[in-house]
Amino acid sequence: MSEPLQQADIDREIAEYGGQASTPSGHPARDYAPYRSTLLRHPKQPLVAVKDPEAVELSGPVFGATDVTPQDNDLTRQHLGEPLGERITVRGRVLDRSGRPVRGQLVEIWQANASGRYLHQRDDHPAPLDPNFTGVGRCLTGDDGGYVFTTIKPGAYPWRNHRNAWRPAHIHFSLFGSAFTQRLVTQMYFPGDPLFPYDPILQSVTDASARQRLVADYVHDLSEPEFSLGYRWDIVLDGPAATWMEEGR
């Protein structure tokens with residue numbers, strides 16, 4: 001087994017690949033060397049052209065209001081006991097390229113618990129699991145494209161990409177959009193995280209404005225007294241201001 005990379009090695013790779021990390025669409029390249037597992041997992045064959053795009057749309061997933069319950073968006077109320085950690089509320093809007101709201105949009109999230117551990121059989125990080133926190137939720141956007149989740153702020157965790165590698169706190173988001181081309185899987189980060197400069201996944205987004213759009217805003221007026229801190233994060237499904245997608249991840 002090869003020796004783990006030092007942070008200096010990662011910094012050098014980020015500097016080397018930083019100028020060529022983006023695809024023509026503006027999203028990160030699928031084989032971004034500092035994010036080491038992309039070299040093994042990214043698609044190596046040309047994309048398959050779809051002969052009948054309308055057929056793809058018709059065979060895509062369809063979700064309705066009856067598939068999502070009112071409790072699905074509150075990750076702190078899915079179990080009998082209270083989860084440990086800092087309770088937060090995340091609000092935002094899902095928009096198309098023209099800034100119009102996308103209504104009835106299924107928004108799914110998953111995340112680590114406050115100790116930085118996922119409820120997943122492959123997560124062997126020696127941090128405690130929380131029996132009162134599963135870390136998954138979903139909701140449908142309203143007429144204004146709005147969504148809201150109540151959850152626990154996730155902790156940072158090690159991920160073995162290189163020596164002393166730690167992921168900043170983040171929440172994974174999945175959206176299907178109203179068209180096949182709007183499928184989006186991405187991550188929301190928290191403002192002021194000291195791990196930002198050391199994270200090759202976030203640094204693979206070489207456009208500074210696009211990278212900043214992945215960071216939620218703390219909005220004090222969205223905080224609920226004696227209950228939770230409030231964050232706002234809007235999601236744009238396509239167009240020049242589109243939220244960065246986890247390409248090939």
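Predicted model: local features only at pLDDT ≥ 70, side-chain atom pairs only at ≥ 80, totals over all residues.
Student: Okay. How many bridges join strand 2 to strand 3, and which way do they run?

Tutor: Pairing is read from bridges: two strands pair if DSSP finds at least two between them. Five bridges join strand 2 to strand 3, and the two run antiparallel. For a landmark, take Glu 108, whose bridge partner in strand 3 is Arg 138. Glu 108 also has a bridge partner in strand 7, namely Ser 174. Strand 2 (residues 106-110) pairs with strand 7 in the antiparallel sense, over four bridges.

Student: And strand 7 (residues 170-175): how many of its residues are buried?

Tutor: Six of the six are buried, so strand 7 is largely enclosed by the rest of the structure. His 170, His 172 and Ser 174 point one way, Ile 171, Phe 173 and Leu 175 point the other way, and all of them are buried. Strand 7 is also joined to strand 8 (residues 184-189) by six bridges, running antiparallel. In that pairing, Leu 175 stands opposite Leu 184.

Student: Now the aromatics. How many aromatic pairs does a search of the whole structure find?

Tutor: A pair of aromatic rings is described by the distance of the centres and the angle of the planes. The search finds eight aromatic pairs. Rings of Phe, Tyr and Trp (its six-membered ring) pair if their centres lie within 6.5 Å, and planes under 30 degrees apart count as stacked, over 60 as edge-to-face, the rest as tilted. One of the pairs is Tyr 147 with Phe 173, edge-to-face at 5.8 Å centre to centre and 70° between the planes. That pair links distant parts of the chain, with Tyr 147 in strand 4 (residues 146-152) and Phe 173 in strand 7, 26 residues apart. Both Tyr 147 and Phe 173 are buried.

Student: Why is the pair of Phe 190 and Tyr 231 edge-to-face?

Tutor: Their ring centres are 5.2 Å apart and their planes are at 85°, so the pair counts as edge-to-face. Again distant parts of the chain are linked: Phe 190 is in the loop between strand 8 and helix 4 (200-203), and Tyr 231 is in strand 10 (residues 229-232), 41 residues apart. Phe 190 is buried, with a relative accessible area of 1%, and Tyr 231 also counts as buried, at 6%. Pro 191 sits in the loop between strand 8 and helix 4 too, but Pro 191 is partly exposed, at 38% relative accessible area.

Student: Which residues do ring pairs link into a cluster?

Tutor: Tyr 147, Phe 149, Phe 173 and Trp 233.

Student: Where does the charged end of Arg 183 sit?

Tutor: Over the ring of Phe 176, 4.1 Å from its centre. The criterion is that NZ of Lys or CZ of Arg lies within 6 Å of the ring centre and within 35 degrees of the ring normal. Likewise, the charged end of Arg 167 sits over the ring of Trp 159, 5.9 Å from the ring's centre.

Student: Last one, backbone angles. What is phi of Asn 164?

Tutor: Near 60°, a positive value in a residue other than glycine. Arg 160 has a positive phi as well, about 65°, and is not a glycine either. Asn 164 lies in the loop between strand 5 and strand 6, and Arg 160 is in the loop between strand 5 (157-158) and strand 6 (166-167). Arg 160 is exposed, at 65% relative accessible area, and Asn 164 is exposed at 60%.

Key. Residues numbered from 1 in each chain as written. Heavy atoms only, no water. Buried < 20%, exposed > 50% of the residue type's maximum accessible area, 1.4 Å probe, protein only.
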